[in-house]
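Please look over the sequence and the structure shown here before reading the short report that follows.

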Amino acid sequence: MDGRKKQARKATDKCATEPGRETVVEVIRATSGDQSDGSAGNADSGSGKAGEDRKEHGEHLRQYKHDWYIADKLAHPEKYKESYNRRRGRIIDYVRGWKKLNPEKIQEYNRRKLDKEKESRKIVSLVKAKELEENKDEIDRNRKENSKVIKRRYYANNKEKVKIGNRAWRLKNPDKTRAIILRYQHKKKSCPVNDLTADEERFIFDIYGNKCYYCGEKSDLTLDHIQAISKNGIHSMTNIVPACRSCNSKKGNKPPKIPVQPLLKFDCVPFKKG
Ligand SMILES: [Zn+2]
């Protein structure tokens with residue numbers, strides 16, 4: 001009993017000399033009644049008090065032992081490594097045997113581990129979603145800028161290939177090409193809205209019966225802006241009716257002579273992207 005106490009005291013003192021360990025040792029000494037000042041009154045032979053002390057401070061002692069072990073392991077890694085290597089085979093056999101004997105504990109451990117992982121994954125995805133929501137504008141902007149940079153770089157490296165591809169696309173899609181050119185031309189004229197697509201153009205011609213809105217002529221149809229572009233009109237579905245070339249040029253940039261019912265925004269909904 002006496003020898004064991006001496007050993008414990010020695011371990012405590014050794015630990016106390018290591019930096020950062022003083023506090024733990026103080027706590028243990030205070031809680032376990034281990035007075036270093038020599039007043040060894042606590043070491044009474046009656047097992048009653050010692051047993052109570054052990055019960056009361058068992059948790060502290062366990063923590064202390066664990067802390068000491070970790071500190072020692074960090075201080076002398078080669079000692080522990082050598083010790084492990086020496087007993088490796090036995091340790092592995094023991095663990096295997098324990099696992100065989102306690103399948104339900106392994107199951108429980110795996111289940112808890114899985115739950116924990118699920119929970120942490122959930123938290124991560126929530127945090128990510130929140131971040132995405134908060135930085136949505138910035139992310140969108142970055143994405144657009146990045147895609148522009150990527151496109152520009154690709155074009156710089158593959159000019160001829162891109163040109164051939166574009167020419168082929170234009171030949172295959174004359175309507176869309178015309179719509180793009182018109183949008184570009186109106187954009188240059190500082191037209192406030194430029195969003196008429198080839199599909200919308202076809203829709204306008206269909207809905208007005210493929211004839212001139214003013215005279216009923218069925219050939220040589222063009223797009224007439226009800227409010228002229230030069231008078232702040234927009235290049236969009238709600239400001240366009242089909243007109244023959246003659247009526248269109250006669251009208252010029254003046255308002256129409258007969259009342260015109262343009263398409264409502266509601267009619268255009270199916271053609272708007274997003
Ligand atoms: Zn006409």
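## Two helices and their lengths

The expected span of a helix is taken as 1.5 Å times one less than its number of residues. With that in mind, helix H7, which covers residues 159-172 and so has 14 residues, should span 20 Å, and this agrees with the 20 Å that separates its end C-alpha atoms. The model is a predicted one, and in it none of the 14 residues of H7 is buried, so this helix lies largely in the open.

Helix H8, made of the 15 residues 174-188, reaches 21 Å from its first C-alpha to its last, which is close to the 21 Å expected at 1.5 Å a residue. After H8 comes Ser190, whose phi is positive, with a value near 60°.

## The chain as a whole

The chain contains 11 helices and two strands, and their order from the N terminus on is α-α-α-α-α-α-α-α-α-β-β-α-α. Of the 274 residues in the chain, 9% are buried. Where contacts join residues at least 6 apart in sequence, 57% of them link residues that are at least 24 apart.

In soluble globular proteins, nonpolar side chains tend to be buried together. Here the largest nonpolar core has 13 residues, and those with the most contacts inside it are Cys212, Tyr213, Tyr214, Ile240, Ala243, Cys244 and Cys247. Strand S2, at residues 240-244, gives the most to this core, with four residues.

Which residues does Tyr214 touch, leaving aside those up to four places away in sequence? Tyr214 touches Ala243, Cys247 and Ile258.

How values were computed: Residues are numbered from 1 along each chain as its sequence is written. This is a predicted model: local features need pLDDT of at least 70, side-chain atom pairs count only at pLDDT 80 or more; totals for chains, interfaces and linings use all residues. A nonpolar core is a set of buried Ala, Val, Leu, Ile, Met, Phe, Trp, Tyr and Cys residues joined through C-beta atoms within 7 Å. A residue is buried if 20 or more other C-beta atoms lie within 10 Å of its own, exposed if 12 or fewer, and partly exposed in between; C-beta atoms are placed from the backbone. Two residues are in contact if their C-beta atoms, placed from the backbone, lie within 7 Å.
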